Amino acid sequence: MNQLPTSWKDITISQYLEVNKIIFETPDDFEREMKLIAYFKGISFEEINKQLLKDFARDLKCLDFLTKLPEGIVKSSLKIKGKLFKTTMLINELTGEQFIDITTIAKGLNEAEYINQIHYLLGVILMPIKRGLYFVPKLHIEEAEYSGYKENGEWLKENMSFADAYPYFVFFCELLKKYQVALNDYLRKEQKRILNNLMMQN
């Protein structure tokens with residue numbers, strides 16, 4: 001039997017996605033709470049159903065933190081289980097490859113559904129740092145290169161805590177809005193340029 005988590009730091013992205021699925025697929029409050037406890041403990045629903053109410057109340061208190069989403073600061077770089085990552089902070093820092101991958105991941109999704117792809121979306125903006133060049137103890141240059149979102153996203157899914165992930169997800173959603181504005185602006189300008197060229201030819 002597993003120990004219950006007591007904060008978002010104890011939960012990976014992968015676990016959060018399971019929690020989110022249980023929450024949205026179980027309308028009954030009591031049944032949903034039982035399923036959550038059973039999931040985290042790693043036992044069956046039938047086993048948790050036989051638990052004394054006083055033990056159920058104790059377990060439920062441990063999961064109080066689930067009622068409030070985590071808050072945090074987005075940094076230009078962060079370390080997850082010994083691995084360093086560089087954050088794409090600005091829209092103009094995105095490469096063409098990242099633009100294409102964002103479009104692929106978000107295709108057909110509404111904003112409420114982005115959370116189900118959180119690991120892949122973060123896989124786009126969090127790039128593993130490949131090398132650090134250290135000149136003096138407090139001065140160094142870090143190099144990060146984008147190499148796709150799938151492998152990186154799967155690693156983040158299993159290793160990044162939701163406490164760390166969620167603030168970056170919120171940041172990404174804001175970045176995505178700016179990306180969409182920038183893309184629409186580009187398309188308008190491109191359409192205008194093509195029309196002007198056609199008019200000049202005529």
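1. Basis of the note. This is a predicted model, in which local features need pLDDT of at least 70 and side-chain atom pairs count only at pLDDT 80 or more, while totals for chains, interfaces and linings use all residues. Residues are numbered from 1 along each chain as its sequence is written, and side-chain values use heavy atoms, with hydrogens and water left out.

2. Overall layout. The chain has eight helices and four strands (DSSP runs numbered from the N terminus: helices are H or I with at least four residues, strands are E with at least two). Along the sequence, these elements follow the pattern α-α-α-α-β-β-α-α-β-β-α-α. Of the 202 residues, 37% count as buried (buried is under 20% relative accessible area, exposed is over 50%, and partly exposed is in between, with a 1.4 Å probe and protein chains only). Among contacts (heavy atoms within 4.5 Å) with a separation of 6 or more, 66% join residues 24 or more positions apart.

3. Nonpolar core. The largest nonpolar core has 51 residues (such a core is a set of buried Ala, Val, Leu, Ile, Met, Phe, Trp, Tyr and Cys residues joined through side-chain atoms within 4.5 Å). Ile118, Leu122, Leu126 and Met160 have the most contacts inside this core. At least two core residues each come from helix 1 (13-25), helix 2 (29-41), strand 1 (77-80), helix 5 (96-106), helix 6 (118-125), strand 3 (126-136) and helix 8 (162-201). Helix 8 gives the most, with eleven residues.

4. Methionine 160 sits in the loop between helix 7 and helix 8 and is buried, with a relative accessible area of 0%. Not counting residues up to four places away in sequence, methionine 160 touches Ile11, Thr12, Ile13, Leu78, Ile80, Leu122, Leu126, Trp155, Ala165 and Tyr168. Its C-alpha atom is 9.0 Å from that of histidine 119, a residue 41 positions away in sequence. With the same exclusion of residues up to four places away, leucine 126 touches Leu78, Phe85, Lys86, Thr87, Asn152, Leu156, Met160 and Tyr168.

5. Helix 6. Is helix 6 enclosed by the rest of the structure or open? Eight of its eight residues are buried, so helix 6 is largely enclosed by the rest of the structure. The buried residues are Ile118, His119, Tyr120, Leu121, Leu122, Gly123, Val124 and Ile125.

6. Helix 6 against helix 7. The axes of helix 6 and helix 7 (residues 150-159) come within 7 Å and cross at roughly 120° (axes are lines fitted to C-alpha atoms, for helices over the stretch in contact, and angles run from 0 to 180 degrees between N-to-C directions). Helix 6 is therefore oblique to helix 7 (angles under 35 degrees count as roughly parallel, over 145 as roughly antiparallel, 65 to 115 as roughly perpendicular and the rest as oblique). His119, Tyr120, Leu122 and Gly123 of helix 6 meet Lys150, Asn152, Gly153, Glu154, Leu156 and Lys157 of helix 7.

7. Glutamate 154. This residue lies in helix 7 and counts as partly exposed, at 34% relative accessibility. Leaving out residues up to four places away in sequence, glutamate 154 touches His119 and Tyr120. The C-alpha atoms of glutamate 154 and tyrosine 120 are separated by 7.3 Å, although the two are 34 residues apart along the chain.

8. Helix 1 against helix 2. The two axes come within 10 Å and cross at roughly 160°, which makes helix 1 roughly antiparallel to helix 2. Gln15, Glu18, Val19, Ile22 and Ile23 of helix 1 make the contact with Arg32, Lys35, Leu36, Tyr39 and Phe40 of helix 2.

9. Lysine 81. This residue lies in the loop between strand 1 and strand 2 (83-87) and is exposed, with a relative accessible area of 62%. Most residues other than glycine have a negative phi. Lysine 81 is not a glycine, yet has a positive phi of about 50°.
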